[in-house]
Amino acid sequence: MRGALAAYRRLNDWLQAAVVAFTGFVVLVIVVAPLVAAIVRYYTGQGYDWLAEMPPQLVPWVVFPMMGVLLRHDRHISVDIAPYLLSGRAYTLLRALVLAISLAACIVFGWYGAESVAFFRRLGQLSTTEIEFELWYLYISYPVGFALAANFCLEALLHTLAGQPAPGKIDPELGGLA
Amino acid sequence: MVASFAALAIVLMLISVPLFFVFGIGSAAIAILALKLPPTTLMQLSFDAMTKQVLVAIPIFVFAGNVMLHGGAAQRLVELALKLVGHLPGGLGVAMVVAMGTFGAICGSILAAIVAIGTMMMPTMVKSGYPRPFVVVLAAAAALIDALIPPSNTAIIFSSLTNVPVSRTFAAGVLPGFVLMGLLVTYVMWRCRTLARAERADWSERFGAFWKAVPVLTMPFGILGGIYSGLLTPAEAASFAAVYGILLGLIERKLTWKGLTQSLRSTAETTTVIFVIIAMATFFSVVITYTRLPQELISAIVEHNIGPVTFFVLAGVVFLILGTFVEVVPVFYLTLPIFVPLCQALKIDLLQFYVFMTGLVGVGMLTPPVCVGVYTAAAVINEPPDRAFRAVPAFIVIGIVYAAIMVAFPWLATWLPSRF
């Protein structure tokens with residue numbers, strides 16, 4: 001059991017590294033594209049709408065895949081009254097309960113997300129942006145993100161139930177919430 | 001059924017389920033089971049909310065803040081602030097407040113400001129005899145100026161929820177930001193009047209520090225000048241700030257490859273924390289719209305003849321209580337769909353309401369149990385946060401005084417936006 005959990009953790013460490021690399025790259029595109037748009041507009045006098053439209057469309061591809069990584073490391077915003085008051089076994093049980101609820105929520109949202117994506121795919125709805133694309137390409141980030149999150153939640157839950165430490169905290173390289 | 005799902009959401013919140021799930025589970029359950037809305041509609045609405053053009057400036061400004069953090073910009077601002085105001089009573093504290101305010105004009109990220117400026121100022125303050133709890137809470141409180149001084153992520157979120165142009169919301173925060181800075185400086189000077197002061201720097205030292213800080217100080221002019229001249233959109237201005245920050249860090253040889261990749265990862269994390277709440281809070285907005293809660297409240301206000309001042313007092317109490325338990329972004333999404341129609345009914349300028357609520361919700365970042373500002377600042381000098389809490393009440397009073405000033409003098413928020 002211990003060996004299986006260790007292997008599961010290693011797999012998820014790899015998955016996490018892939019997600020972090022992917023989202024980091026997407027962030028880089030989001031950061032650079034608006035400046036390129038401004039420079040092109042300034043020098044050619046002609047604006048390319050797709051350069052301005054692309055960054056917002058990429059945001060869900062950062063948010064949903066990364067959501068699971070943050071769940072794994074307990075880095076989402078929550079009201080910390082109960083953990084503040086509890087310790088030891090009571091705290092472990094609470095953490096297991098929260099992870100179980102999160103896992104169930106991920107499965108439900110992921111399921112609804114997959115159904116919605118299938119619906120929009122059948123519908124063939126197109127974006128209203130300069131470069132047209134089928135909207136389900138955007139929406140698929142939703143079930144993908146919740147599937148990843150369910151996987152990370154399950155791992156954290158199993159480790160909590162086995163009495164093993166949860167995956168380590170990410171370095172506190174703080175960005176800024178507000 | 002609506003009441004029971006709302007109760008479920010409150011229970012989930014109290015047992016520390018992540019807030020985006022609290023929003024998502026409670027509101028989606030009401031929307032799908034009670035209001036019979038199809039899940040596809042909810043998903044489409046949440047994507048529409050996340051992909052608003054105005055909101056994309058947030059991750060870019062967060063990235064700019066992270067690059068500044070790793071690129072040495074904060075150090076120049078601290079040196080300048082020390083040379084300018086370090087000799088005043090409580091000089092180190094005053095310098096931290098001023099440096100935080102200036103840093104806010106280039107990054108707009110509260111936590112980045114605490115880490116960037118606090119890492120340099122707080123240990124020095126402790127060594128100079130400033131009480132540790134006071135230092136921690138002052139750093140967290142001073143960072144609130146960043147929520148007002150543009151560019152500010154809270155302003156962007158407010159604009160996305162109210163359709164007030166970002167340029168106007170940015171401008172609305174300038175004078176209130178200086179008011180908050182003035183209140184904090186006054187309190188620091190009074191509170192630390194007995195502590196030893198630094199020697200007054202001569203003008204050549206001041207000029208030298210200013211000269212070194214010029215590349216950083218020009219950045220706000222680039223950002224805001226670009227926006228107000230109509231040359232750049234907020235996202236483009238943010239992108240300009242980020243690339244400028246990278247170049248500055250590379251030229252100064254302070255920004256390393258590791259710093260750059262950490263900035264990207266950190267930005268992805270912060271963006272996720274904010275936007276996943278936006279995605280799920282949209283469900284809540286849908287529920288509010290369908291249950292006609294704002295209309296009910298407007299009827300109650302008319303019925304009970306509630307005036308603007310009473311409304312501000314009631315809203316202030318709500319913000320202080322919510323801010324104690326919930327972070328800034330969720331508070332905006334929880335309250336604005338309800339309060340904006342009420343403001344319009346009472347003919348309260350939305351910009352006045354913005355600076356009022358930002359100050360009070362920001363105070364919530366200082367009050368336990370949810371006070372990420374204090375936790376972050378406490379971590380900088382390894383002070384247990386529960387010891388730091390004893391210094392919080394004075395800053396709550398400052399927050400309330402600030403809010404009262406914003407209610408009494410609405411022109412502080414509306415005058416500058418009216419100039420553009």
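**Salt bridges, an interface and a surface patch**

In chain A, the side chains of A:Arg72 and A:Asp13 form a salt bridge, with 2.8 Å from N to O. The two residues are 59 apart and belong to distant parts of the chain: A:Arg72 sits in helix H2 (residues 49–72), while A:Asp13 sits in helix H1 (residues 2–44). The model is a predicted one. Over all chains, the count of salt bridges comes to 9.

How many salt bridges cross the interface of chain B and chain A? The rule finds 1 there. A salt bridge joins the side chains of A:Arg41 and B:Glu236, at 2.9 Å from N to O. This pair counts because a salt bridge needs a side-chain nitrogen of Lys or Arg within 4 Å of a carboxyl oxygen of Asp or Glu. Polar contacts between chain B and chain A number 6 residue pairs, both residues being at pLDDT 80 or more.

On the side of chain B that touches chain A, helix H15 (residues 257–291) of chain B gives the most, with 18 residues. By type, the residues of this side are 50 nonpolar, 20 polar and 6 charged. In total, 76 residues of chain B are in contact with 65 residues of chain A.

The size of an interface is often given as the accessible area lost when the parts come together. Between chain B and chain A, the buried area is about 6,000 Å², and carbon and sulfur atoms give 75% of it.

Chain B also has a nonpolar patch on the surface, formed by B:Val309, B:Val313, B:Val317, B:Ile321 and B:Phe325. Together these residues have about 430 Å² of accessible area. One of them, B:Ile321, lies in helix H17 (residues 308–325) of chain B.

Notes:
Residues numbered from 1 in each chain as written. Chains lettered and ligands numbered in written order. Predicted model: local features only at pLDDT ≥ 70, side-chain atom pairs only at ≥ 80, totals over all residues. Heavy atoms only, no water. Contact = heavy atoms within 4.5 Å. Buried area = accessible area lost by both parts, 1.4 Å probe. Polar contact = N/O pair within 3.5 Å; in protein donor to acceptor, adjacent residues only side chain to side chain. Helix = DSSP H or I, 4+ residues; strand = E, 2+ residues; numbered from the N terminus. Nonpolar A, V, L, I, M, F, W, Y, C, P; charged D, E, K, R; others polar. Patch = residues over 30% accessible without salt bridge, like charges linked within 9 Å, V, L, I, M, F, W, Y side chains within 5 Å. Areas by Shrake-Rupley, 256 points an atom, 1.4 Å probe, with all protein chains shown as cover.
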